[in-house]
Amino acid sequence: AAHRPHPADEVGLPGGPHETSVTVIASESAWPPKAVLFCFPGGCYGRRYFDLQLDGHPGYSEAEHHVERGWLVVACDHLGVGDSSLPDPMLLSFEVCAAANDAAVRTVLAKLRDGTLAPGRAPVPERPFVVGAGQSMGGCRTIVAQGLHRTFDAIAILGFSAIHTVLP
């Protein structure tokens with residue numbers, strides 16, 4: 001696993017530069033990956049939510065579950081959460097957060113393509129299948145990113161309803 005900050009300047013927030021932080025979890029043996037799964041946590045949770053290592057509970061990590069099946073997992077902190085930049089929270093609209101997450105995805109995919117994402121790993125010349133998974137508020141932001149930017153080939157929305165939720 002590698003932690004890497006990624007630029008999020010193109011979202012137009014003042015006071016930059018701004019970065020989103022991600023953790024890349026990859027298989028030692030399965031390269032190139034079958035697919036890339038970008039995981040976005042809910043509420044004020046950080047990216048570690050997807051790779052929990054609990055004593056006495058081997059196999060609990062969602063990231064490891066997917067990696068064992070040949071996927072590359074990229075767990076992401078939203079702007080304003082975890083190790084990402086902490087701009088004025090009043091500026092973090094759904095659209096701004098979606099644009100920052102889209103920028104992080106595009107940056108990771110570019111690094112995957114040119115071989116700079118994971119040391120010692122060959123470049124992945126063809127774009128892999130890309131899935132965005134969001135838990136709770138991360139699901140909301142994944143829907144907005146997909147709707148505005150067509151960021152992913154598929155999305156998995158967990159614990160959020162686009163039908164029954166009323167946003168301000």
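# Close-up views of the predicted model

**View A. Leu-54 sits in the loop between strand 3 and helix 1 (62-67).** Helices (H or I, at least four residues) and strands (E, at least two) are DSSP runs, numbered from the N terminus. This is a predicted model, in which local features need pLDDT of at least 70, side-chain atom pairs count only at pLDDT 80 or more, and totals for chains, interfaces and linings use all residues. Residues are numbered from 1 along each chain as its sequence is written, and side-chain values use heavy atoms, with hydrogens and water left out. Leu-54 has a relative accessible area of 39% and is therefore partly exposed; buried means under 20%, exposed over 50%, and partly exposed in between (1.4 Å probe, protein chains only). Together, Leu-52, Leu-54 and Tyr-60 make a nonpolar surface patch of about 270 Å². Patches are made of residues with over 30% relative accessible area and no salt bridge, where nonpolar side chains (Val, Leu, Ile, Met, Phe, Trp, Tyr) are joined within 5 Å and like charges within 9 Å. The accessible areas come from the Shrake-Rupley method with a 1.4 Å probe, and for residues only the protein chains shown count as cover.

**View B. Ring pairs join Phe-38, Phe-40 and Phe-152 into a cluster.** A search of the whole structure gives 4 aromatic pairs. In one of them, Phe-38 and Phe-152 are tilted, at 6.4 Å centre to centre with 50° between the planes. Phe-38 is in strand 3 (residues 35-40) and Phe-152 in the loop between helix 3 (137-149) and strand 6 (154-158), so this pair ties together parts 114 residues apart in sequence. The pair of Phe-40 and Phe-152 is edge-to-face, because the centres are 6.2 Å apart and the planes are at 65°. Rings of Phe, Tyr and Trp (its six-membered ring) pair if their centres lie within 6.5 Å; planes under 30 degrees apart count as stacked, over 60 as edge-to-face and the rest as tilted. Phe-40 counts as buried at 1% relative accessibility, and Phe-152 counts as buried at 6%.

**View C. The largest nonpolar core has 19 residues.** Helix 2 gives the largest share of this core, 5 residues. Strand 2 (19-25), strand 3, strand 4 (71-76), helix 2 and helix 3 each supply at least two of its residues. Those with the most contacts inside the core include Phe-38, Val-105 and Phe-152. A nonpolar core is a set of buried Ala, Val, Leu, Ile, Met, Phe, Trp, Tyr and Cys residues joined through side-chain atoms within 4.5 Å.

**View D. Arg-106 and Asp-102 form a salt bridge, at 2.8 Å from N to O.** A salt bridge is a side-chain nitrogen of Lys or Arg within 4 Å of a carboxyl oxygen of Asp or Glu. Arg-106 and Asp-102 are 4 residues apart in helix 2, so about one helical turn separates them. Asp-102 is buried, with a relative accessible area of 6%, whereas Arg-106 counts as partly exposed at 43%.

**View E. Arg-127 and Asp-153 meet in a salt bridge, at 2.8 Å from N to O.** Arg-127 lies in the loop between helix 2 and strand 5 (129-135) and Asp-153 in the loop between helix 3 and strand 6, so the pair ties together parts 26 residues apart in sequence. Arg-127 is partly exposed, with a relative accessible area of 44%, and Asp-153 counts as partly exposed at 40%.
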